[in-house]
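I opened the notebook today to look up a few things in this structure, one entry at a time. Come along with me.

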Amino acid sequence: MSHKTKREDVPNIVSEPMVEYAISPSRFDLFSGILSKSVKEFNPMGFDAIKVARTGFSKLVLMTLAKKISLNIQELANILHISERTLQRYDDDDIIKTEYAEKAVELARLYTRGEEVFGSIDKFKLWIKAPSLIFNGEAPVTILDTSAGFDMVFRELGRIEHGIFA
C-alpha cells in the first residue's frame with residue numbers, strides 16, 4: 001500500500017471568513033482632507049501633523065476646521081492669539097502663519113483624542129464647552145489659549161479614559 005494520497009481528493013480551497021481591518025472612519029476622517037490635501041490619510045497624532053504645521057494651510061481650511069469642531073470665530077481667534085479682525089482680513093486662499101497652523105493642528109489632535117475618549121465627537125464638544133470644577137469652574141475650551149491649557153485638557157482626557165475622576 002502506498003503512503004501517498006491522491007492530490008485530486010484534497011480540495012485546494014481556504015474556507016476562512018474574509019476579514020478587513022481598517023481604522024474606524026470617524027476617528028481620523030474628521031480631520032483628513034481638512035488640514036491636509038497633500039497627505040493621503042492625515043493622522044493628527046503622527047508626523048503628518050508636523051508636516052502640516054510646518055507648511056501651513058489656507059484660511060478656508062482653518063475655518064472649515066473651526067466649523068467642524070463648533071468653534072466660533074471669537075473662540076478660534078482667542079486660541080490662536082490673533083485678533084478677530086486680523087483673522088477676518090485673511091483671504092480664503094491665503095496661507096496662515098506657521099504659529100497659527102501649529103495651534104490648529106493641536107486643536108485637531110485634541111478633538112481627535114476627545115472623540116476617542118468619549119466615543120463621539122458630539123459628546124466631546126459638549127464636554128469641552130461645559131464649565132468644570134477641575135478647571136476652576138471654566139470650560140476647557142477657554143484654557144486652550146496656552147500650551148499649559150492644552151496639556152491640562154489632554155491629561156484630563158487621560159484620567160477620564162482610565163476612569164479616574166477628581
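**Entry 1: a pair in one helix.** I began with Glu156 and Arg159, which are three residues apart in helix α8 and therefore separated by about one helical turn. A note before going further: I am reading a predicted model. I checked the side chains of Glu156 and Arg159 next, and they form a salt bridge whose closest N and O atoms are 2.9 Å apart. Are the two partners buried or exposed? Glu156 is buried, because its relative accessible area is 2% and the cut-off for buried is under 20%. Arg159 has a relative accessible area of 35%, so I wrote it down as partly exposed. While on salt bridges, I also noted a network in which shared partners join Arg113, Glu116 and Glu161.

**Entry 2: around Glu156.** Helix α8, where Glu156 lies, covers residues 147-161. Which residues does Glu156 touch, leaving aside its neighbours within four places in sequence? I found Trp127, Ile134 and Phe135 in contact with Glu156.

**Entry 3: the other salt bridges I looked at.** How many salt bridges does the structure hold? I have six in my notes. One of them joins the side chains of Lys129 and Glu75, at 3.2 Å from N to O. Lys129 sits in the loop between α7 (121-128) and α8, while Glu75 belongs to helix α4, so this pair ties together parts that are 54 residues apart in sequence. Lys129 has 34% relative accessibility, so I logged it as partly exposed.

I then turned to Asp122 and Lys125, whose salt bridge has its closest N and O atoms 3.8 Å apart. Both belong to helix α7, and because they are three residues apart, about one helical turn separates them. Lys125 counts as buried, since its relative accessible area is 17%. As a reminder to myself, side chains of opposite charge can pair when their charged atoms come close.

**Entry 4: Leu71.** Where does Leu71 lie? I located Leu71 in the loop between α3 (59-68) and α4 (73-80). Leu71 is buried, because its relative accessible area comes to 8%. Setting aside neighbours within four places in sequence, I listed its contacts as Ala66, Ile79, Leu107, Tyr111, Lys129 and Val141.

**Entry 5: a charged patch.** Which residues form the negative surface patch? I noted Asp91, Asp92, Asp93 and Asp94. For Asp91, I found a place in the loop between α5 (84-89) and α6 (98-118).

**Entry 6: the whole protein.** I finished with the overall figures. The secondary structure comes to eight helices and zero strands, and the pattern along the sequence reads α-α-α-α-α-α-α-α. The protein has 166 residues, of which 39% count as buried. Among contacts with a separation of 6 or more, 59% come from residues 24 or more positions apart. I put the accessible surface at about 11000 Å², with 53% of it belonging to carbon and sulfur atoms.

Terms used:
Residues are numbered from 1 along each chain as its sequence is written. This is a predicted model: local features need pLDDT of at least 70, side-chain atom pairs count only at pLDDT 80 or more; totals for chains, interfaces and linings use all residues. Side-chain values use heavy atoms; hydrogens and water are left out. Patches are made of residues with over 30% relative accessible area and no salt bridge: like charges are joined within 9 Å, nonpolar side chains (Val, Leu, Ile, Met, Phe, Trp, Tyr) within 5 Å. Accessible areas come from the Shrake-Rupley method with a 1.4 Å probe; for residues, only the protein chains shown count as cover. A salt bridge is a side-chain nitrogen of Lys or Arg within 4 Å of a carboxyl oxygen of Asp or Glu. Lys and Arg count as positive and Asp and Glu as negative; His and the chain ends are not counted. The place of a charge is taken as NZ of Lys, CZ of Arg, CG of Asp or CD of Glu. Helices (H or I, at least four residues) and strands (E, at least two) are DSSP runs, numbered from the N terminus. Contact means heavy atoms within 4.5 Å. Buried means under 20% relative accessible area, exposed over 50%, partly exposed in between (1.4 Å probe, protein chains only).
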